[in-house]
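Morning, everyone. Please look at the screen for a moment before I start.

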Amino acid sequence: MREEAEEEERTARGTPLVMVRHTEDVLRVDGGPDGGLDGGLVEQVQLAPYERERAARLTAGPRRRDYLAAHVLVRLCAAPLTGTSPDTLVLAQHCDDCGGDDHGRPYLPEHPGIHVSLSHTTGAVAAAAGTDPVGVDVEDATAAVFDARVAARVLAPAELAAVRADPDPARAFLRVWVRKEALVKVGISTLGRLRELDLTDAASLPGLSFHDPTEHHDRLIAAAVTRPTHPHPGEQHA
């Protein structure tokens, strides 16, 4: 009962529910060659035909498992907010660029008041759900290497200076990158305009709330951002 009350309070104040998990913890599979298409939580949720078809097109192994785990986790994340079981949630996607319905922005057709987002990297996945538009991104920092050319293309000058000055510029870059990816997913920016966003200046992004669900992880770096459609009492913005 206490957990249910906490979820109701979270929803009431507009704070999203964000989950970051290792892929195998979500799927509970033995790592077999089928990549998790059968067994475990994948069989307990009602994956849409496009989800199964797209997963089947991926080479059996880590990439397929990461894809499936993300699509399972987003249902687990949204279930408490919808008041339904994750195995009954229908997830759809739509690409605003090409009009495709097998990729792009995820949404719940039967629960238009709940917004969702998902992300996956090698061996890990993230998902977010809330009453406001939300975006989430996760990256694996295990073998992160700072690439100055890439950083210069996507970071504002102040961000680039801060990342270069950090004792671990590779991880510092990823901390900014996941926030920017989340902003793209919530519709604030595009990949081609990331350098125009300066996240060192919070005042330049009024009305947005950032959330860090992996502050205690050594390997995973993730971020979520919400774009409130209505102000929430006592809300604070990063």
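Predicted model: local features only at pLDDT ≥ 70, side-chain atom pairs only at ≥ 80, totals over all residues.

Residues are numbered from 1 along each chain as its sequence is written, and side-chain values use heavy atoms, with hydrogens and water left out.

Start with Lys180. It is found in helix H7, residues 169–185. Helices here are DSSP runs of H or I, at least four residues, numbered from the N terminus. Is Lys180 buried or exposed? Buried, with a relative accessible area of 0%. Buried means under 20% relative accessible area, exposed over 50%, partly exposed in between, with a 1.4 Å probe and protein chains only. The side chain of Lys180 reaches the backbone oxygen of Leu194 at 2.6 Å. Lys180 also touches Glu159, among others; contact means heavy atoms within 4.5 Å.

Glu159 takes us to helix H6, residues 157–165. Its buried residues are Glu159, Leu160 and Val163. They sit on the same side of H6, because they cover an arc of only 100° around the axis. That arc is taken from the directions from the helix axis to the C-beta atoms. On the other side, Pro157 and Ala165 are exposed. The cover over the buried residues includes helix H5 (148–154) and H7.

Now the cysteines. How many disulfides? Zero, counting cysteine sulfur pairs within 2.5 Å. For Cys98, the closest cysteine sulfur is in Cys95, at 3.6 Å, too far for a bond. Cys98 is exposed, at 53% relative accessibility. Cys77 is buried, at 0%.

Note on methods:
Helix = DSSP H or I, 4+ residues; strand = E, 2+ residues; numbered from the N terminus. Polar contact = N/O pair within 3.5 Å; in protein donor to acceptor, adjacent residues only side chain to side chain. Lists of a residue's contacts leave out its neighbours within four places in sequence.
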